[in-house]
Amino acid sequence: MNLKIVGSIAIVAGTAIGAGMLALPLATAAMGLVPALMLMIVVWAISAYTSLLMLEVNLRSGIGDNLHVITGKSLGRKGQIVQSLSFLSLLFALTAAYLTGGADLLMLKAKTWFDIVLDNQTAVLLFTFILGGFAALGVHWIDKLSRALFSTMVVLLALVLVFLLPEVSYSALAQRAATNSLTAVWLSAIPVVVTSFGFHVCIATLVRYLDGDVPSLRKVLLIGSTIPLFCYVLWLLVTLGTVGGEAIAGFNGSLSKLISTLQEISAQPLISKFIGLFADLALITSFLGVTMSLFDFNAELIRAQNSWGGRTQTWLLTFLPPLACALFVPEGFIALLGFAAIPLVVITVFLPAIIAMKQRAQASVGYQVSGGNAALWLLMLMGSVIIVAQLYAAT
């Protein structure tokens with residue numbers, strides 16, 4: 001396996017692993033471990049299949065085409081509008097989610113380190129203006145920073161898992177929160193789990209990077225999507241097996257409560273610090289990647305000048321909508337990640353499936369994911385279930 005393939009696998013895994021990982025225990029605690037693992041495996045299978053489907057439509061359209069160009073070729077201007085609105089909605093929702101989660105962790109840090117009590121609005125504003133400023137620096141600086149932070153995060157995750165796995169107890173794993181409706185629990189968890197496996201935005205870049213080599217790309221996508229599954233399983237074992245599903249369900253989606261409880265369980269002060277730093281880096285790396293993409297998308301949308309004035313205008317368009325959401329929905333981390341599943345499903349399920357059907361009708365040559373059109377219809381049915389689940393969870 002050459003270095004380009006190894007690096008590409010790391011890109012896929014790194015795009016998926018991030019702040020969504022922190023939300024998984026909060027979203028699935030009420031289900032119990034075994035149902036949560038079953039749900040994750042199903043979502044992983046859907047995610048892996050849709051990645052191969054996006055590989056197919058990319059190769060048929062042309063190496064180097066992004067999803068916007070591919071959509072335009074097959075579905076015209078109306079399809080591009082749907083794709084653009086979905087992409088914009090996804091990035092706005094994720095940015096708002098990371099602002100709420102980041103503010104939650106910032107309040108915890110201020111209290112723990114400096115004995116300062118921050119209110120939510122102040123924490124949101126501080127997090128936005130301190131870390132949000134990196135978005136205006138450009139991809140060159142964010143790329144360097146993100147690589148360093150992600151590498152550190154992976155090391156910290158490994159250390160946290162090694163030291164906390166011995167603390168896992170069977171009685172804690174067996175806990176399941178009391179609930180009147182298991183259906184509601186499942187429907188609330190599905191969108192968050194789906195969002196945690198969202199790595200598809202990097203596929204077009206990888207197709208170009210690996211020159212359309214199908215065997216290598218299949219290997220990259222399948223291995224790269226399996227690494228997050230492995231990490232998520234271990235993370236759920238550690239969190240549900242130490243804190244307990246019933247206790248986590250009682251946190252009401254509070255990320256700071258989950259992290260502080262894990263720190264209390266750790267018998268060593270150094271590991272406690274590792275847990276806090278891992279949570280910080282998981283959220284920050286995701287935040288930087290998402291806001292960089294949103295900033296660039298907005299700059300292209302409004303054709304902003306590459307000047308201080310133009311970048312300031314783009315920055316305001318990038319952060320004001322999610323900032324308003326974070327200020328008025330202070331406990332929206334889980335809810336916003338769940339909402340992101342709707343545009344994500346449009347981008348990774350419905351559009352690729354419809355495009356693939358049109359492409360297959362026009363030509364039968366080229367790489368084609370197995371299952372035929374029947375699999376595509378089944379995939380869109382599953383996508384509809386995910387959307388319905390999120391709409392139900394939002395009511």
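This is a predicted model: local features need pLDDT of at least 70, side-chain atom pairs count only at pLDDT 80 or more; totals for chains, interfaces and linings use all residues.
**Notebook: a look through a helical model**

I started with the overall make-up: the protein has 17 helices and zero strands. Both come from DSSP runs, numbered from the N terminus (helices are H or I with at least four residues, strands are E with at least two).

I count residues from 1 along each chain as its sequence is written, and side-chain values use heavy atoms, with hydrogens and water left out.

**Overall size**

I looked up the box next: the C-alpha atoms fill roughly 60 × 50 × 45 Å along the principal axes. The radius of gyration is 21 Å, which agrees with the value near 21 Å for a compact globule of 395 residues. That radius is taken over C-alpha atoms, and the globule rule is 2.2 Å times the number of residues to the power 0.38.

How much of the protein is buried? I found that 55% of the 395 residues count as buried. Buried means under 20% relative accessible area, exposed means over 50%, and partly exposed lies in between (1.4 Å probe, protein chains only).

I also checked contacts (heavy atoms within 4.5 Å). Of those between residues at least 6 apart in sequence, 83% join residues at least 24 apart.

**Helix 1**

Helix 1 runs over residues 3-16, so to speak 14 residues in a row, and reaches 20 Å from its first C-alpha to its last. That is close to the expected 20 Å, where the expected span is 1.5 Å times one less than the number of residues.

Which residues of helix 1 are buried? I noted Ile5, Ser8, Ile9, Val12, Ala13 and Ala16.

**Thr314**

I went to helix 14 (residues 308-328), where Thr314 sits. Thr314 is buried, at 1% relative accessibility. Leaving out residues up to four places away in sequence, Thr314 touches Phe295, Asn298, Ala299, Ile302 and Ala304.

**Cysteines**

I searched the whole structure for disulfides (pairs of cysteine sulfur atoms within 2.5 Å) and got zero. For Cys202, the nearest cysteine sulfur is that of Cys231, 16 Å away. Cys202 is buried at 9% relative accessibility, while Cys325 is partly exposed at 25%.
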